[in-house]
Structures are given as C-alpha cells and as structure tokens.
Amino acid sequence: MSTTKPATRPANPRFSSGPCAKIPGFSLDKLSDAALGRSHRAKVGKDKLKAAIEGTREVLGIPENYKIGIVPASDTGAYEMAMWTMLGERPAEMVAWESFGAGWVTDAVKQLKIEHQVHTAEYGEIVDMASLNYDNDVCFTWNGTTSGVRMPSGDVIPADRKGLTLCDATSAAFAMGLPWDKLDVTTFSWQKVLGGEAAHGILILSPRAVERLENYTPAWPLPKIFRLTKGGKLIDGIFEGATINTPSMLAVEDYLVALDWARSVGGLTGLMARADANAQAVWDFCDANDWIDNLASDPATRSNTSVCLKFTDPAIADPAAFAKAVQKRLEAEGVALDVGSYRDAPAGLRIWCGGTVETADIEAMLPWLDWAYHAELQAQAQAA
C-alpha cells in the first residue's frame, strides 16, 4: 500500500458540478465588452441578449420554429415556469431518478396538486421511460446531475404523443445530443456545461408547447415572473431578448464569450467529444481499480458530465465519513475542489467532466484520488 503523493498536479483543480469550471484560458479581461451601466432595453443590451439566444440556437442546433428565452432563477426558474404555466391541462407522468427530478415531483404533487402518476428509480438506476403514457404530459430530467444517470436516447418518446414532454436538461445541454423533435419544453442553465455565471435560465419551447400556452389557462394564479402570455398570445418579446426582469449584462457577456469558445472547439460535436474523453478517463480509472465504481449501474446510462462514483471496498467502515475524508484530503492538497457527492445522494464522489474541463487535468487528478483513498484507508486502520 503506497501513500506517496503523486508528482503532477492538475493545472485547474475545479471539478464542481455547478457552477462549473470556466472555459480554458478564461480571464475577466474577456468580459471587457460587457454592456455595464447600460439598460438591457437599450439597443446594445437587446442586441447582446438576442445574440445569446441565437448563439444558443446555432450551437445546440435548435430548430428555427422553436422559441428560446432567457428567464430568471437559473434552470429551476425556467423549469418551474414551464410547469406552472402548462401543467394541469391533462394528467402528468412525473419521473425522478435523482434529487432534482424529485423536486419537480413535489411541485406537481404538493403544490399544483394535479392528476398524476409518479415513477421513480433509485440512485444509479433509471425509470423505464418506454412504460410511460405519453398521452399525458411527461416531466423528467435528461441527465441526473446528482446521480450521474442519463437518458441513453429519446427513441422511446413517440412522435405522435398527445401530451407535452418537459425536459430538464441543465447538465446535458452542450454535452449530449438532445432530440429536439421529442422535446416540447427544454430548460438549462449556462452555469453548467459552458461554465457560465449563475442566476439565469434558458427556456426552449416547441410549437406544441406554444400552442398549449396560448390555449390553456391554469386554475391557479401566476406571479408576474412566470407569465409567458398576454391576452391568450405568447409574449414574443421574451424570446427576442426582452427579458421578464433585469438580467446581468456581465453574465450575458460571459455566456457570449463561452459560446464563442464553444464554436472554436467544434461546436456541439467538439463539446460532446471533450466531455466523452473526460468521462472515459474516469471510467477507465474505475475499471483499473476494484475499490471504486460508477454509481450508474448500466454503462449505457452513465453521464458524461456529472460522473458519480461510489467506494466499493468492504473494508470501509463508514462510507459517508470515508468519502468526506477523501474529499477533504483532495481539497487540502488543492488537486480536486468540490468533488463530494450531492447531499441527498449516496456517499461517494462526483467529478464534473463537462467540456470546459481539460482531460489532462482529469488524468492528473486521478492518481491523487488513488493516493487519498489509500491514505485514508491506512488512517482508518490505524485508528481501529
């Protein structure tokens, strides 16, 4: 058993799953063109917001007839806006295999109190999406940020569905291929795969979602911050850069810079390849070591962004305490920051592998993980 510290350290030890690592080479100088001290209603502000919307469409390959809006309160705000404005017209299939999906279940069951069916799976597993009734509305996460389990594809979603599909894609957008023809509402936050600043969400609506908004009025009152229609018509300005409330033009500039970087690495294809390479490095490490494994039980559903790991060594007396101790060692050495599992998830580690992370940093960090595991195992044995 070796507890010798590795010689090489990651150049960037930031592996947080949100807010995530900034783009490579980032500096505040890159934001010098931000429209600071200017109204977001002025031409310069509206132009930048419009550029953010159209840049999102370009890089993600979103169809021209889909609406894209920048909305308040990150992905949570975007998803709740969709739920509160569109659900209730028909029963809902509420799907959860991790904590954020469970939050959407709570909204539907305890707050909106709509007719529903709940489908859940344990951390590391996924719901059988083929078994759902797509004549109902279906609410789900594409990638479980806290479980490391993702949809393998959208093949099971029928093209002739009668209900809407509401997809929380916050840790999937810009890292995984999203089948837009199968998604009626899609939300994400740019603080994830592109390493943007927090507090803003993206809401993407298909023509079917717009039709629902314009032809259905929920039974409950809607606060101003959720209202997407006026007089039975979509407020088009929201999807052209006229945001509901005041956005941070500094955060918008940061997103524009990140979109430019995304184009420079090959757009969506390049971003997906970067995430795949990062995740593969971690998976290969797990295959080479019998004391750690991917939390996702099926390789086909393993996330390539929020890679969640579990310690499998039976000699570990207290898995939760052990995982925290390993995390603490890695942070103290400055080689891996914010890699603890989510508070509601099983004990273990969570390593962000989105495209802003360099594969060389993942590869430099993994020997330190091996060191921290053995050092903590030795400390546990000595304390016994």
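Two residues are in contact when heavy atoms lie within 4.5 Å of each other. The structure looked at here is a predicted model, in which local features need pLDDT of at least 70 and side-chain atom pairs count only at pLDDT 80 or more, while totals for chains, interfaces and linings use all residues. Residues are numbered from 1 along each chain as its sequence is written, and side-chain values use heavy atoms, with hydrogens and water left out.

With a relative accessibility of 2%, Thr 141 counts as buried. Buried means under 20% relative accessible area, exposed means over 50%, and partly exposed is what falls in between (1.4 Å probe, protein chains only). Once neighbours within four places in sequence are set aside, the contacts of Thr 141 are Trp 97, Glu 98, Gly 101, Trp 104, Met 151 and Asp 168.

Two of those partners, Gly 101 and Trp 104, lead on to helix α3, where both are buried along with Ser 99, Val 105, Asp 107, Ala 108 and Leu 112. The buried residues of α3 pack against α2, β2 (92-96), β3 (116-120), β4 (137-141) and β7 (165-168). As for its length, α3 has 14 residues that should span 20 Å at 1.5 Å a residue, and its end C-alpha atoms are 19 Å apart, which agrees. The expected span of a helix is 1.5 Å times one less than its number of residues.

How does α2 sit against α3? The axes of α2 (residues 74-86) and α3 (residues 99-112) come within 11 Å and cross at roughly 45°, which makes α2 oblique to α3. Angles under 35 degrees count as roughly parallel, over 145 as roughly antiparallel, 65 to 115 as roughly perpendicular and the rest as oblique. The axes are lines fitted to C-alpha atoms, for helices over the stretch in contact, with angles that run from 0 to 180 degrees between N-to-C directions. The crossing of α2 past α3 is right-handed; a crossing gets that name if the near helix is turned clockwise from the far one by less than a right angle, and is left-handed if anticlockwise. On the α2 side, Asp 75, Thr 76, Tyr 79, Glu 80, Met 83 and Trp 84 take part, and they meet Trp 104, Asp 107, Ala 108, Gln 111 and Leu 112 of α3. Sorted by class, the contact of α2 with α3 has 6 nonpolar, 2 polar and 3 charged residues. Here Ala, Val, Leu, Ile, Met, Phe, Trp, Tyr, Cys and Pro count as nonpolar, Asp, Glu, Lys and Arg as charged, and the others, Gly among them, as polar.

Arg 263 of α5 is partly exposed, at 33% relative accessibility. Not counting residues up to four places away in sequence, Arg 263 touches Gly 55, Glu 58 and Val 59. Glu 58 is 205 residues away from Arg 263 along the chain, yet their C-alpha atoms are separated by 9.4 Å.

Helix α6 (residues 267-288) has 22 residues and reaches 32 Å from its first C-alpha to its last, close to the 32 Å expected. Its buried residues include Gly 267, Leu 268, Ala 275, Trp 283 and Phe 285. Among the elements covering the buried residues of α6 are α1 (43-60), α5 (249-264) and α8 (359-383).

Gly 18 and Pro 19 are joined by a cis peptide bond with omega of about -10°, and Pro 19 is found in the segment before α1. Ala 73, in the loop between β1 (67-72) and α2, has a positive phi of about 70° although it is not a glycine. Ala 199 also has a positive phi, of about 95°, and is placed in the loop between β8 (185-189) and β9 (200-205).

Terms used: Helix = DSSP H or I, 4+ residues; strand = E, 2+ residues; numbered from the N terminus.
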